[in-house]
Amino acid sequence: MKKTVMIGFLGTVLDDGFSQKRHKKWRPNVNVHHVLDIDRVELFIAPQYERLALQVADDIYSIRPDMHINFVNMPLDNPWDFGEVYEKLASWADSYEFDIEKENYLTHITTGTHVAQICLFLLVESRQIPSVLLQTAPPKGDDALCKTELIDLDLARYDVLASRLDTVKNDAMKFLKTGIETKNAAFNRLIGQIEQVAMGSNSPMLIMGATGAGKSRLAKRIYELKKARHLVSGRFVDVNCATLRGDMAYSALFGHKKGAFTGAMTARDGYLLTAHKGVLFLDEIGELGADEQAMLLTALEDKSFYPMGSDTPVHSDFWLIAGTNKDLKACVKAGTFREDLYARINIWQYVLPALAHRREDIAPNINYQLAVANQELGRTVRFDKAAYERYLVFAMSEQAVWTGNFRDLSASLLRLATLATGGRIDEGLVDDEIRRLLDLWVDDEPLCHQQAVLLSHQLQQKIEHLHIDEFDKMQLINVIKFCQAHDSLASAGRALFDVSRKGKTTSNDSDRLRKYLGKFGITWQDICRL
């Protein structure tokens, strides 16, 4: 049989009492022993309450003479200071020798300040104290025994609660995807991770992807989700760094004081200060100049920076999302981007796949973009059935390279909706639009020739260290990108070997693909993490 150990604070008010009347009073640390068989008590006490602690111990021994009470000295300068209380309790938990094989632990949260109770809850929830929570309450009516309730914070035990939390998470993911029911497995995993990081981390986030892949829209949705959850209270400030040029770039970002330069008739706050307590989205961050990069690093590390012409720093506590379509690692090697700034903003890196790599998501995005066009035009436009099928077949075909990604799709649907007479998009309009798109893309470099910037940082490193011909490297990159659009190794294999597999009596597409990737030290799990 395991022993039972109770952990908790001496109740300087609830446990108080020295006269005989104390036996008629409900005292949590005493009366609980009428209900539960406890072998040992770890009782947190402040030195000035040692006399009360000895009296409580004597009363407990009168109920359970064979148990052991260990007084834990816990002096608190301010029992309402979260930092002090949590730090001291966490230090005790780190040094305490828990033996979960031989003992069960109950953390009693009825006594102590509200701050102490919350800190104990957090330590149990994080498993720094491996126990369940014990809540006690005075008896009701004629019941002579106090009420006890054990609360296990292992959420897996609570189906209803787990279901509710899953619903909240799914709603958040749907919000980040603008309500679009995407099917691409890699993209859905990416959004799930972004949701988790956005809710639980204050470190910068780096969103990579080709122009038009949706970086700005995703950044705005992340901000709106954080604000809805009361994680930020300030503004969303969207800055395209490619538009910041010359001496005014520093002023635009960090502000300036009056008279800092010719024409500075008034002071300016700058984008970083405007984003205080909010989210700052620096799109195309690779375009920042050297001075701006240096001061941005200071602002991220110290939460303060110097406006132009000022010797006094200003404070701004913002959350940074950086966006880029460049390979920042290559920029670091080329000396155009600071290595220390890259390391600071690259804590959470996510690569948005191009639209052409998410063809199974084109149909719901067509519906979404048409709804946006309808709202912009102030009228309802729909596809004829045959026209929709023709447009969808083209949009999902290899002819549609979508080099501008969602910007191309959005512009295409807006053109169709604008030209539709009687609110109907017919096959004639679709044919004209297909020709227009093909003309638009005719001079664009094929997607298969794009660089490896859209691969994960880990895979980029692995590919860079391969001693293979450039031809083999580009072939490998495109195979990996193709695999990103599929849910499984088997599905990707069938699509990649669609022609050759028909000439075989038996085919193992998964094995062929696995062996090909294996030649380069790459596994399907590496691709799934993209």
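The model is predicted, so local features need pLDDT of at least 70, side-chain atom pairs count only at pLDDT 80 or more, and totals for chains, interfaces and linings use all residues. Residues are numbered from 1 along each chain as its sequence is written, and side-chain values use heavy atoms, leaving out hydrogens and water.

**Salt bridges: the count**

- Side chains of opposite charge can pair when their charged atoms come close.
- A salt bridge here is a side-chain nitrogen of Lys or Arg within 4 Å of a carboxyl oxygen of Asp or Glu.
- The count by this rule is 21 salt bridges.
- Arg 22, Arg 27 and Asp 59 are joined in a network of salt bridges.

- Helices (H or I, at least four residues) and strands (E, at least two) are DSSP runs, numbered from the N terminus.
- Glu 42 and Arg 40 form a salt bridge, 3.0 Å from N to O. Glu 42 is buried, at 3% relative accessibility. Arg 40 is buried too, with a relative accessible area of 16%.
- Arg 424 pairs with Asp 384 in a salt bridge, and their closest N and O atoms are 3.2 Å apart. Arg 424 sits in strand β15 (residues 424–425) and Asp 384 in the loop between β14 (382–383) and α14 (385–395), so the pair ties together parts 40 residues apart in sequence. Arg 424 is partly exposed, at 37%. Asp 384 is partly exposed, at 25%.
- Glu 433 and Arg 436 form a salt bridge with closest N and O atoms 2.4 Å apart. The two are three residues apart in helix α16 (residues 427–441), about one helical turn. Glu 433 is buried, at 1%. Arg 436 is partly exposed, at 35%.

**Helix α4**

- Helix α4 (residues 114–125) has twelve residues. The expected span of a helix is 1.5 Å times one less than its number of residues. For α4 that should be 16 Å, and its end C-alpha atoms are 16 Å apart, which agrees.
- Its buried residues are Val 115, Ala 116, Gln 117, Cys 119, Leu 120, Leu 123 and Val 124.
- The cover over the buried residues of α4 includes β1 (3–9), β2 (40–45), α3 (82–95), β4 (103–108) and β5 (132–137). Contact means heavy atoms within 4.5 Å.
- Just after α4, Arg 127 adopts a positive phi of about 70 degrees.

Technical notes
Buried < 20%, exposed > 50% of the residue type's maximum accessible area, 1.4 Å probe, protein only.
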